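My notebook is open, and I'm going to look up a few things here.

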Amino acid sequence: MALSLRLRLGRPELGRYADRFGIPQAADGLGVTFLGVASLLIEDRTTAVLTDGFFSRPSLPRVALGRIAPDEARIDATLARAGIDRVAVVAPVHTHFDHAMDAAVVARRTGARLVGGTSVAQIGRGGGLPDDRIEVVVPGEPMTVGGFRLTWVEGEHCPPDRYPGAITAPVVPPVRTDAYRCGEAWSILVEHETGRSALVQGSAGFRPGALAGRRAEVAYLGIGQLGVQDDAYLEQYWAETVETVGARQVVLIHWDDFFRPLDRPLRALPYLGDDLDATMRVLTRLAERQGVGLHFPTVWHRENPWALLG
Ligand SMILES: [Zn+2]
């Protein structure tokens, strides 16, 4: 509610956080490439796993007023620029358009299986993906994908969830934005045979205790809409994710303005929808107090966040 009363124009300046960019580049071995919002290409040169794969990034007027559909030219350009050829698994963190809209097309293009909850399966079906390329997970049960072990843990979406509920019929684009209901909101645990581990937390929501007993060295932490929550919410979110899994390095995701194409420089969401500066005030305090590293990923760069662990 406070959000609609705030008449602050403009957007946070990313340059304020310049010293938090620059995660070491991955040489060979395990690497993570940030591709906007919560899209992360996690690969070890043999096997690639892609969260979300959202590359169309339709404009705000289209999202608000029109019908949306995957933009195949933008998807192809992104896959080419990121050097993505084969992907084993496309794993949307939930099924809002800014995560899952392109998932069926990306899975089709890259030979991947589309994996997630029952809602993402409907996006796969609507997108013409054959049934044997769609897999509904058992929450909490690990799945082996090459050298990776992936575990989907169900959580909650950050309030307010503008399109709540499950998708119960195939989504055949073009559709209105509200066709992309939230579905299950996943925390995805990524464990690699080298012993490296990461948590991918797509939405800044949590279900108390859901991650108890899980461990991850690095947390890719979604911060979309965190800037409009109160401090107590941010502290609890951090406790239920970063602290619970014992992550020593945090990489922030879901802060870029996704109404702008990925081939233009990333900028923060405007104050009207979020407030990165407010988020950073709280997270910086928590990270410093707990001796946890706090970083931004650089789009298109293949990075090795585990190198930060020392
Ligand atoms: Zn969402």
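Which helix is Thr78 found in? I found Thr78 in helix α3, residues 72-81. Helices here are DSSP runs of H or I with at least four residues, strands are E runs of at least two, and both are numbered from the N terminus.

A note on what I'm looking at: this is a predicted model, where local features need pLDDT of at least 70, side-chain atom pairs count only at pLDDT 80 or more, and totals for chains, interfaces and linings use all residues. Residues are numbered from 1 along each chain as its sequence is written.

Next, is Thr78 buried or exposed? Thr78 counts as buried because it has 25 C-beta neighbours inside 10 Å. The cut-offs are 20 or more other C-beta atoms within 10 Å for buried, 12 or fewer for exposed, and partly exposed in between, with C-beta atoms placed from the backbone.

I then checked who touches Thr78. Leaving aside neighbours within four places in sequence, Thr78 is in contact with Leu35, Phe55 and Leu262; contact means C-beta atoms, placed from the backbone, within 7 Å. I also looked up Ser56, which is 22 residues from Thr78 in sequence and 9.1 Å away in space, C-alpha to C-alpha.

Then I moved on to α6 (residues 118-126), where the buried residues are Ser119, Val120, Ala121, Gln122, Ile123 and Gly124. They pack against α4 (97-100), α5, β6 (113-116) and β7 (134-136). Just after α6, I noted Gly128 with a positive phi of about 80°.

How values were computed:
Two residues are in contact if their C-beta atoms, placed from the backbone, lie within 7 Å.
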